[in-house]
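This briefing is for a reader who is new to the structure shown below. It starts from a single residue and then takes up the sheet and the helices by topic.

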Amino acid sequence: MIKAEITDKDLIKHLDSLEEDKLRIFTLADGRVRGALFHGTRFVNQMRAQHQLGILETYILGHASLCSALTIPMMKDLEHNSIKFECSGPAQGYSVEADSTGYVRSLIFNESIPINKPLENWDLQPFLGSGQFTFSRIHKDDKYPQKSTVEVDGNNIAKDFAQYFAQSEQINTAFNSSIQFDKEGRVIGAGAMYIQIMPKTGGYTSSGSGVDSHQTESDDDNVLLQKVENAFKACPSLGLLFSEKEVDSEDIIIGLFREFNPLIAVKRDIIYDCPCCKENFITYLRTLPADQLEDIKKKGPDPLEITCNNCKSVYKISLKELFEK
């Protein structure tokens, strides 16, 4: 990827004053609940700079990208996820890819959504609408991805992700994503969090071994899980929190879930990036039919310009580079 430069000096100054972007993986209640908190203010700003998006488009693609980043700690070994939402609204949908190595790339299908009147709220139903949410997983040695599609409402992206996990994977998962804009339309804070209830055969408590994974929850379990869910719902706007200089991610986790003995297990980088490069495009072009290559050689243009849909990087490839091996 050719990294787009963020040129707004006020925004740069603000970003420099914030806690670094990191994803923190944590467990609660001796492993009965796992989750992750992602501070992604720079992440969303890089996404916006790559695609040169307006406020509404940034809001939609930002939430989808933040939630997709949260699927990375759920991956097993080397894994690549692709999330595609095709909808009836004027935004047309979005596509996001997340990789276990720690990068996310994405695109919104309509980068210039028509707006007929000032926005009164962040309800996305008029712009996305109901549609098909397809989640694909591919592991290192898989020949074909494992795909699953569910119907979602499209009015709240975090809830759409939660609905997918509930319906398709039958895992009780909650998502929360947030983006804070200032009065000038800059993204000054962005973050996301998920929690996931683990089966009794999971975790690392003494009750975790030798227990039927289909065993119904006890009354004590139900009370515990309801308390965790209530704590999750009580989280203030993550975008607003991360826009404040003194806020620390670990303080957010501990403050919300203190009652459940939170353990922060891993801290890792997640970046907005794309594995595209000039060399890969040259290799692809050389596989074109001979007559097309001959036509390019005679008529040009020189250089060729190829734009990556996923990150809007523009690669200029001279005919000399293409034909002289």
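Leaving aside residues up to four places away in sequence, Thr58 touches Val44, Met47, Arg48, Leu53, His63, Ile179, Phe181 and Val187. The model is a predicted one. Thr58 has its place in helix 3, and because its relative accessibility is 0%, under the 20% limit, Thr58 counts as buried.

- Helix 3 takes in residues 55-69 and lies across strand 3 (79-87), strand 4 (93-99), strand 5 and strand 11.
- Its direction makes an angle of about 150° with strand 5.
- Helix 4, residues 157-167, lies across strand 3, strand 4, strand 6 (131-139) and strand 7. Helix 4 runs at about 120° to strand 7.
- The axes of helix 3 and helix 4 come within 9 Å and cross at roughly 35°. The crossing is right-handed.
- On the helix 3 side, the residues that meet helix 4 are Ile60, His63, Ala64, Cys67 and Ser68. Their counterparts in helix 4 are Ile157, Ala158 and Phe161.

- Six strands form an open sheet in the order 7-6-3-4-5-11, and the pairing is mixed.
- At the edges are strand 7 (146-152) and strand 11 (271-272), each of which pairs on one side only.
- Strand 4 and strand 5 run antiparallel and are joined by five bridges. Within this pair, Val96 stands opposite Ser106 of strand 5.
- Strand 4 and strand 5 form a hairpin with three residues between the strands, and Gly102 there has a positive phi near 110°.
- Strand 5 (residues 103-108) also pairs with strand 11, in the parallel sense, over two bridges. Tyr103 has Ile271 as its bridge partner in strand 11, and Val104 has Tyr272.

**Burial of strand 5**

- Side chains in a regular strand alternate between the two faces of the sheet.
- In strand 5, one side holds Tyr103, Arg105 and Leu107, while Val104, Ser106 and Ile108 are on the other. These residues are all buried, and both faces of the strand are covered.
- Six of the six residues of strand 5 are buried, so the rest of the structure largely encloses this strand.

**Helix 1**

- Helix 1 covers residues 9-16, and its buried residues are Leu11, His14 and Leu15.
- An α-helix has 3.6 residues a turn, so residues three or four places apart point the same way.
- The face turned away from the buried side carries Lys9, Asp10, Lys13 and Asp16, which are exposed.
- Among the elements that cover the buried residues of helix 1 are helix 2 (41-51) and strand 9 (187-197).
- The N-terminal end of helix 1 is capped by Asp8, with a side-chain oxygen 3.0 Å from the backbone nitrogen of Asp10.

Key
Residues numbered from 1 in each chain as written. Predicted model: local features only at pLDDT ≥ 70, side-chain atom pairs only at ≥ 80, totals over all residues. Heavy atoms only, no water. Buried < 20%, exposed > 50% of the residue type's maximum accessible area, 1.4 Å probe, protein only. Helix = DSSP H or I, 4+ residues; strand = E, 2+ residues; numbered from the N terminus. Contact = heavy atoms within 4.5 Å. Polar contact = N/O pair within 3.5 Å; in protein donor to acceptor, adjacent residues only side chain to side chain. Pairing = 2+ DSSP bridges. Axes fitted to C-alpha atoms, helices over the stretch in contact; angles between N-to-C directions. Left-handed = near helix turned anticlockwise from the far one by under 90°.
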